[in-house]
Amino acid sequence: MARKPLTADNAADACTAIRMECLAFAARRTANLISRAYAARLAPFGLEPSQFGVLIVVATGEADSARELADRLGIERSTLTRNLTRLLDAGLLVGVPGKGRRITYRLTATGRARLAEALPAWQEAQNAMQAQLRPGVADAARSSLEELRGAALELINAG
């Protein structure tokens with residue numbers, strides 16, 4: 001739906017409407033709150049949700065490079081680099097030569113142990129979050145988020 005150009009007279013109303021309708025705004029607000037809920041459970045293990053996510057994807061062996069890891073996580077390379085640096089410095093990951101100039105990341109023994117320690121806390125957060133939802137809402141949310149990710153990728157790739 002086309003909007004009137006923003007002017008001093010309609011800026012407040014237009015911004016209110018955008019705030020209420022914007023998918024990016026809604027997704028970011030929701031992601032921030034969910035991250036805070038999981039962060040509280042993961043903090044005793046020295047992990048942030050974003051770092052936990054990196055460990056999970058590395059543990060599954062689904063990424064053969066930093067680029068693939070960033071793609072799997074749906075984050076920018078700069079965000080991945082910041083998280084990788086912290087995880088490497090903490091001795092939870094190690095970089096190993098991959099194909100060509102690629103570096104592949106692997107869990108260290110310390111990383112495997114930390115992930116194993118943190119998994120019950122993640123499960124507690126997951127169970128608590130899902131307990132707050134009506135039956136079927138978690139599955140519907142995952143499905144809707146997958147559809148939104150696809151739409152976003154289409155928009156990005158369309159240039």
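This is a predicted model: local features need pLDDT of at least 70, side-chain atom pairs count only at pLDDT 80 or more; totals for chains, interfaces and linings use all residues.

Biologist: Which residue does Arg86 form a salt bridge with, and how far apart are the closest N and O atoms?

Modeller: Arg86 pairs with Glu48, and the closest N and O atoms are 3.6 Å apart. The two come from distant parts of the chain, 38 residues apart. Arg86 is in helix 5, while Glu48 sits in the loop between helix 2 (23-42) and helix 3.

Biologist: How accessible are Glu62 and Arg72?

Modeller: Glu62 has 40% relative accessibility, which means it counts as partly exposed. Arg72 has a relative accessible area of 53%. The cut-off for exposed is over 50%, so Arg72 is exposed.

Biologist: What about Arg102? Which side chain does it meet in a salt bridge?

Modeller: Arg102 meets Glu68, with 3.3 Å from N to O. This pair also links distant parts of the chain, 34 residues apart. Arg102 is in the loop between strand 1 and strand 2, and Glu68 is in helix 4. Arg102 is partly exposed at 36% relative accessibility. Glu68 is partly exposed as well, at 27%.

Biologist: Let's move to the strands. How do strand 1 and strand 2 run, and how many bridges join them?

Modeller: They run antiparallel, joined by five bridges. Strand 1 covers residues 93-97 and strand 2 covers residues 103-107.

Biologist: Which residues in strand 2 are the bridge partners of Leu93 and Pro97?

Modeller: Leu93 has Leu107 as its partner. For Pro97 the partner is Ile103.

Biologist: How many residues are between the strands in that hairpin, and which one takes a positive phi?

Modeller: Five residues sit between the strands, and Gly100 takes the positive phi, near 60°.

Biologist: Switching to helices. At what angle do helix 3 and helix 5 pack?

Modeller: About 80°, with their axes 10 Å apart. Because angles of 65 to 115 degrees count as roughly perpendicular, helix 3 is roughly perpendicular to helix 5. Helix 3 is residues 49-60 and helix 5 is residues 77-89.

Biologist: Which residues meet there?

Modeller: From helix 3, Ser50, Gln51, Val54 and Leu55. From helix 5, Leu80, Asn83, Leu84, Arg86 and Leu87. By class, that contact has five nonpolar, three polar and one charged residues.

Biologist: Take Gln51 in helix 3. Buried or exposed?

Modeller: Buried. Gln51 is at 5% relative accessibility, and the cut-off for buried is under 20%.

Biologist: What is Gln51 in contact with, leaving aside neighbours within four places in sequence?

Modeller: Gly46, Asn83, Arg86 and Leu87.

Biologist: Now Leu88. Where is it, and how accessible?

Modeller: Leu88 is in helix 5. With 32% relative accessibility, Leu88 counts as partly exposed.

Biologist: Which residues is Leu88 in contact with, again leaving aside neighbours within four places in sequence?

Modeller: Leu93, Val94, Gly95 and Tyr105. Leu93 is the residue with Leu107 as its bridge partner.

Biologist: How far is Leu88 from Arg142?

Modeller: Their C-alpha atoms are separated by 30 Å. Along the chain, Leu88 and Arg142 are 54 residues apart.

Biologist: Last one, Ala152. Where does it lie?

Modeller: In helix 7, residues 137-158. Ala152 is partly exposed, at 35% relative accessibility.

Key:
Residues are numbered from 1 along each chain as its sequence is written. Side-chain values use heavy atoms; hydrogens and water are left out. Two strands pair if DSSP finds at least two bridges between them. Helices (H or I, at least four residues) and strands (E, at least two) are DSSP runs, numbered from the N terminus. Axes are lines fitted to C-alpha atoms, for helices over the stretch in contact, and angles run from 0 to 180 degrees between N-to-C directions. Angles under 35 degrees count as roughly parallel, over 145 as roughly antiparallel, 65 to 115 as roughly perpendicular and the rest as oblique. Contact means heavy atoms within 4.5 Å. Ala, Val, Leu, Ile, Met, Phe, Trp, Tyr, Cys and Pro count as nonpolar, Asp, Glu, Lys and Arg as charged, and the others, Gly among them, as polar. A salt bridge is a side-chain nitrogen of Lys or Arg within 4 Å of a carboxyl oxygen of Asp or Glu. Buried means under 20% relative accessible area, exposed over 50%, partly exposed in between (1.4 Å probe, protein chains only).
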